[in-house]
Amino acid sequence: MLEVENMAWKKRGISRRTAVRLVLAAAVLAAALIYREAGLNPFGKESAGLHDADGGGGAIDKGGPLSDSSQAPASTGAPKGQAISGLPIGGGAGSSPDVRLALPSHSQWSAVSRISAASGHPVKAAAAAVRTGARPKTVYLTFDDGPSAVTPKVLEILNRERVKATFFVLGNEAETHPEWINAIREQGSSIGNHTYDHNYKELYSGFTRFWSQIKKTEETIRLITGTRPQLVRAPGGTFGHFDDTYFQLMKQAGYRVTDWTVDSGDSKRRGVPASEITKNSIPDTKASKVILLLHDGAGHEQSAKALPDIIKRYKAAGYVFKTLDAAAEPVQFKAHPGKSGKGRIKPAEAWIEANVLPNAALFASGKKLVVEAGMLQASLQPGEYRVEDGRYIVPLRSVVERFGGRVSWSAGTHSGQAELNGRKITADTASGRLTLTGAGPEQEAISSGVVLDGGAIWLPLRDLLEATGHPLLGVANEPEARTLKAS
């Protein structure tokens, strides 16, 4: 009888293996339809959860205080058992109906997994989650303090294992090794802001100092990659450093400050061996969401050595690997400034209105503005320009420097001096006028809308282009960008 059935399938041009797969797929679909008719969901309360990280679970490392580097004081990190925003301690996948009668048997699941065997570990982990009625567990590998000579080793391992991570980079290191910043991005991993030089004393002496380092690193990364990092990690973590002012102003500025749930301990002292890093990195395999703190800064060769085993163990435990997303609710320790918070003065409201509040627009969705002037081209992201009365208003420094020119500020006259295309321009915020200085002594003043806003000089883009010898030709509104062309 079996031979007759096989012959029947072969006459249809279908192999026995394909036939088995079709039957199994039909069985799963039929079971799902039966459950739906009964008003049940065979995959639990939210079937979409099969592809999303669970917001619950994830406890803080039980091995002691969390730390970020050897510079951190002994008290750095969250205390044992401290709750984390967005990660309730002891959370789980939640209750779900018994699906054993509706889903294929264990042997059938083995056959189903072979159908997509070439599609990688995330599929296997998702299949395992359906098999047990639970959501897949997610691990986020994060690396701080790079880039350094360790970073290429980490990237090589991630590439080999087909895993992506999130790198919180230092601005001074990014300036030294821009090629490694590009390598991180090209490999599909994410880049976050870890301040400029990791100097605890300066960063936590007052918010304006912290802000200055964040903006400096942000601009460094933007010049290398063309994008601004919205994710931020405080050196040493927020616990013991951030007060409510730090948290509130960073959120108002549009940033997503994130800490971690598990500390690998690779910066607790010098020379932590790879075996200890591996052990600390996987305290248990029950948490549905793990944000693992590692380092790729100088001297962290043992972290790179431990990485393959860490990845192997998380894969074996059924975890999928993802990069942190600025759209998701961040993991944050409770506000506790510690000793560093003594004597801090909250920034003045005028400073907040000029610097913090307008900053959120930099991360707003919208089209970028591409400016083409002769052989020059510059791009402005949403938030870096605005449209008023049909005119594009842009920051003087951003446009001139991206065109290869120079800009300086004169505090005495409240004006900016720009040099571009062989011309010198003075943008006077007091009178709102542009003054052109040519090769000779003659000067020409142009009535314009020059203003000082958010610590930057803004003016109509058309006036700036014409003042530098690039008359406007036209504007094209395309699906992904607005393009302004000048001669």
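Buried means under 20% relative accessible area and exposed over 50%, with partly exposed in between (1.4 Å probe, protein chains only). We're working on a predicted model, where local features need pLDDT of at least 70, side-chain atom pairs count only at pLDDT 80 or more, and totals for chains, interfaces and linings use all residues. Residues are numbered from 1 along each chain as its sequence is written, and side-chain values use heavy atoms, with hydrogens and water left out.

**Exercise 1. Work out which residue pairs with glutamate 388 in a salt bridge, and how accessible the partners are.**

Start with the rule: a salt bridge is a side-chain nitrogen of Lys or Arg within 4 Å of a carboxyl oxygen of Asp or Glu. By that rule, the model has 16 salt bridges.

Next, find the partner. Glutamate 388 bridges to arginine 386, with the closest N and O atoms 2.7 Å apart.

Now check accessibility. Glutamate 388 comes out partly exposed at 33%, and arginine 386 is partly exposed too, at 23%.

**Exercise 2. Describe the bridge between arginine 313 and aspartate 309, and say where both residues sit.**

First, the distance: the closest N and O atoms of arginine 313 and aspartate 309 are 3.3 Å apart.

Then the location. Helices (H or I, at least four residues) and strands (E, at least two) are DSSP runs, numbered from the N terminus. Both residues belong to helix α12 (residues 301–316), and they're four residues apart, about one turn of the helix.

Last, accessibility: arginine 313 is partly exposed at 42%, and aspartate 309 is partly exposed at 30%.

**Exercise 3. Is glutamate 384 buried or exposed, and what does its salt bridge with arginine 402 tie together?**

Glutamate 384 meets arginine 402 with the closest N and O atoms 2.7 Å apart. Glutamate 384 lies in the loop between β10 (376–380) and β11 (386–388), while arginine 402 is in helix α14 (residues 396–402), so the pair ties together parts 18 residues apart in sequence.

As for accessibility, glutamate 384 is buried at 4%, and arginine 402 is buried at 18%.

**Exercise 4. Work out how strands β9 and β10 pair, and what the turn looks like.**

Two strands pair if DSSP finds at least two bridges between them. Strand β9 (residues 368–373) runs antiparallel to β10, with five bridges.

Finally, the turn: β9 and β10 make a hairpin with two residues between them, and glycine 374 in the turn has a positive phi of about 65°.
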